[in-house]
Amino acid sequence: MSKFIASWLVSAGLLLAFLVAAAVGPAPLSVAASSHREAPLISSDPQADNTDVYAFVSPDRQDSVTLIGDWIPFEAPYGGPNYFKFADEVLYEMHLDTIGDAKSHVTYQFRFTTHTRNPNTFLYNTGTIHSLTDANWNVYQTYTVTEIVSTTAAMTTTVLASDLLSPPVNIGSKSTPNYYALGDAATCIVSISGVSGGPTGSACGQHATMLGAGSNNIKVFAGQRDDPFFVDLQVFDLLTLRGQAPPIGYSSGNNIPLDGLKGFNVHSIALQIPISRLTGSNSLTGNNPNPIIGVWMTSSRQSMRVLSALGGVANSGPMVQVSRLGMPLTNELVMPLALKDAFNGLAPEGDLPLYTSGPGAGDLFKKSVENPELGRLLCSLYGVPLPREVGSTCNTGYTTPDTGRSDIFAIFLTGMKTAAPFTINTATGPVQLPSGFDINQPTGVVPADMLRLNTGIKGNTCSPTPNRLGILGGDACGFPNGRRLADDVVDIELQAVGGAAWQALVDNTFSFNPAYANALTDRVNSNDAAFDAVFPYVAAPHAGQDPHFADIYNSWFSLFVY
Amino acid sequence: MSSLSVWRVKSWRPVRRWGLVAAVLGGLLAGTWLMARFVRPPAATDTAALVYGDAAPAAPQIDATIASLQTHLSTYPDDARSYTLLGAAYLQKVRESGDPAYYTKAGAVLHEALRRQPADADTLTTLGVLALARHQFSDGLSYGQQAYAVNAYSPRALGVIFDGQTELGQYAAAAQTIQKMVNTRPDMSSYSRVSYARELHGDVAGALQAMRLAAQAGSGEAENTAWTLTQVGNLLWQHGDPAGARAEYQSALVAMPSNIPARAGLARNLAASGDLQGAIAAYNKIVAIMPLSEYVIALGDCYALDGQPAAAARQYALVKVLSQLQQANGVDVDLEIALFEADHPGRLEPLADTVAKARQVYARRPTIYAADALAWAQYQSGDYAEARSYSETALRLKTRDALLYFHAGMIAFHLSDTAAARLDLGQALGINPEFSILWAPVAQQTLSSLSAQ
């Protein structure tokens, strides 16, 4: 679930989480503790809540891809005495569909273990943390990275590295001075023998000597970072786009756009993998000519047998997926409330069966993609015309095949192929892609929600300076072809739902008015913190003593709630 | 260069348009309200309470939420989703304040929501929670099942069904339900219910393990963590580990310094350890903030044991007032009153009426605790034979609950079944030697007298 879920069309569960379950008083009038037990009814489970997924060809190492997953929404920089961390009980996974059949063929698993040097104190640190091995750092996490390769023939599991250190959180200048160096020290390299070979060792520190040179190495980082997402949260106040005149912007009160995530942190897991390991003639799954990799991430917790016949403790149960994220806004802009629970537990290979399952959930899913609610809203609130609009109803059809938003279907569920010539900006100037050009749609793709990255589109094919509007801005290396940190997915989605990609992807029955591009934007175009030029690219986290958070509280919170 | 020129104003279609807008509005508002929830920094007094134990709790966030939802609904009176949100907010308010008047308000707005969107799983689930909170367990179960029929993926509907089935004595069905719930979504909500199911079936170690997992699973809300930690504490206390319990209550208070159930756990520790003065002081502070019968009765019992019968009587009288208030707001309190009456026979009403009431409660919800309350009421009125039968029913799940065994032991004692009495009283004290400030001494004395024979 991306962080949009917390503010856009809120999942039923999350809604009730904060309204009903938050309470922990006893049942009124419960005389005996056992008279009636009022346990929390829903937990938001922030440590399992996947807020964002990114996948892009590494800008400084173009023979590799970087995958980044973020967890723990709205992680405030201050904390204490219990600071934010990954959950030891959660299985964090990055899934890669390297073929296009909606199944994971290469999975990376991350498991964390919390250690406490001195159990007699609850303090996170007992002095300044100068290095990752400082004895003053009392509560720390290590993690293990495992790679699972699934082909029709076999499943192979390899531990790539274990006991890697997650860096401390950024507490403040007394506990964690020179924080940048601590994060640096936790950036690790796993050396690999051969293109699809196993690990031969690991070393940590940005400038660590590589164990054996070569381009086969895998990089990994897991720890607190600045939240790279950026959005003006007032977009969730009836699609208010601040900085514009009413009715789009506010007619009273603060109409200045502001990144609502400014000052917040997340916990990031970043992985950099050679492209040749995932696709190509010597890939992990054998000879694989398909250059497009589908990416999604999940969090899972363990179920348990409630009643053991022998009366002993029975904690063995399957890992159950509780969070799933591929395309950044599926769970918010596409999935209706009634389907969010289903989607959270569904694997991508279940998407198409659900989509085609007929009346009930199936038709609801179909309608959500082909007649998306966001589109109806843009149309009814602001008069934005929509492709395939039925009369002037603001509805786009979906009951008969292919009468609705095929562009949304392509972007979210299959990847894109051009239906008309489309001009991109490259290092050597504008290039017109022909009709039928495959941007990121695997051959024979099985429709399923995931981020799809074409590892063959890179280098000089990209815009010389990355365009935050991605494909819509003529940058072939941007979202929805993968997702880079700086891609403005809010604006891209607003414009895509407004029909900006229709002509390129479907036909010329509809033409997007470019004037709308100026209006379909939240006017928050970049992250509050600059991204790094080196892996893991996500900026260092805000310190607990950082004042930016208060600005958000004062300017936004007080505006809306009071 | 106004961009307004591109915005063609569509012709007005009020009904359909508002339907759509209202539906999304609610979602947006919920989302934004939710944002506010996250964005709120910790109240200054939360930290203060860590240092100054008597600090008043911070002004609740929930009040602001309720106010903003009410304002919104006055402008958009057809927004079904906001009615649901407001209903849930009112329920939250009850849990934070103990004021049952909000149940009535919750019911009103939830039915407004249902009228507008009859098949909404969230509304049905919230109505289920409301019914459960009022101890209308059949209604709660029914709402949960309706919600589940609408959304079979909803773990929350399963939670409501589990709670309803458990409180109706349908333990086998409840076990299947919670297995389904935890298989659907393992998290704090399901782990804590697994714990309860295990506890009821006598698996104390398993209950502890599941509740500890629930506490670790966490949630975005400090109260939830405090609740689960308090439950771990209660499990430890009920099974003879007061020191371990104290540590858990203190952890709960670190998570949420103003948490009442954790404070009540500490107060109970004080009373059981013999520090009646400390317990009285602690309980007085608690009932000043949240006057629930559970705490009022405990305070009354402390006064009684401390040789202050008038003060005790005042607390016991307050129980009657509280129960009337609850009943006025639709809360079914009969089981709670039956057990209180059985412990203090004749205080609020003639004992015969207590027995009759306990029978009715058992008929409505045949749980092991309703059976136990009936057994104890019958014991107090001298009807030992029937008391024994219901006591056996109460122990049918082999729940490791000292009170159940204590009641069984006293009944056996009065039936001159010395062996059973020795066994059951021994069990009670073995489970928790300090299981009740009123009754543990009685158990001890009775057991001693049996050994002397």
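Is Ile72(A) buried or exposed, and how many C-beta neighbours does Ile72(A) have inside 10 Å? Ile72(A) has 25 C-beta neighbours inside 10 Å and therefore counts as buried, a residue being buried if 20 or more other C-beta atoms lie within 10 Å of its own, exposed if 12 or fewer, and partly exposed in between, with C-beta atoms placed from the backbone.

The structure is a predicted model, in which local features need pLDDT of at least 70 and side-chain atom pairs count only at pLDDT 80 or more, while totals for chains, interfaces and linings use all residues. Residues are numbered from 1 along each chain as its sequence is written, and chains are lettered from A and ligands numbered from 1 in the order in which they are written.

**Backbone features of chain A**

Ile72(A) is placed in strand S2 (residues 64-75) of chain A, where helices (H or I, at least four residues) and strands (E, at least two) are DSSP runs numbered from the N terminus. Asn178(A), by contrast, lies in the loop between strand S6 (155-165) and helix H2 (179-185) of chain A, and Asn178(A) is exposed, with 12 other C-beta atoms within 10 Å.

| Residue | Phi |
|---|---|
| Ile72(A), not a glycine | positive, about 75° |
| Asn178(A), not a glycine | positive, about 50° |

Helix H9 (residues 406-414) of chain A is mostly covered, with 8 of its 9 residues buried, and the buried residues include Ile408(A), Ile411(A), Phe412(A) and Leu413(A). Gly415(A), which follows H9(A), has a positive phi near 90°.

The peptide bond from Phe479(A) to Pro480(A) is cis, with omega near 5°, and Pro480(A) sits in the loop between strand S17 (451-454) and helix H10 (489-497) of chain A. A cis peptide bond also joins Phe535(A) and Pro536(A), with omega about 5°, and Pro536(A) is found in the loop between helix H12 (515-519) and helix H13 (548-561) of chain A.

**A helix pair in chain B**

The axes of helix H21 (residues 384-394) and helix H22 (residues 402-414) of chain B come within 9 Å and cross at roughly 150°; axes are lines fitted to C-alpha atoms, for helices over the stretch in contact, and angles run from 0 to 180 degrees between N-to-C directions. H21(B) and H22(B) are therefore roughly antiparallel to each other, since angles under 35 degrees count as roughly parallel, over 145 as roughly antiparallel, 65 to 115 as roughly perpendicular and the rest as oblique.
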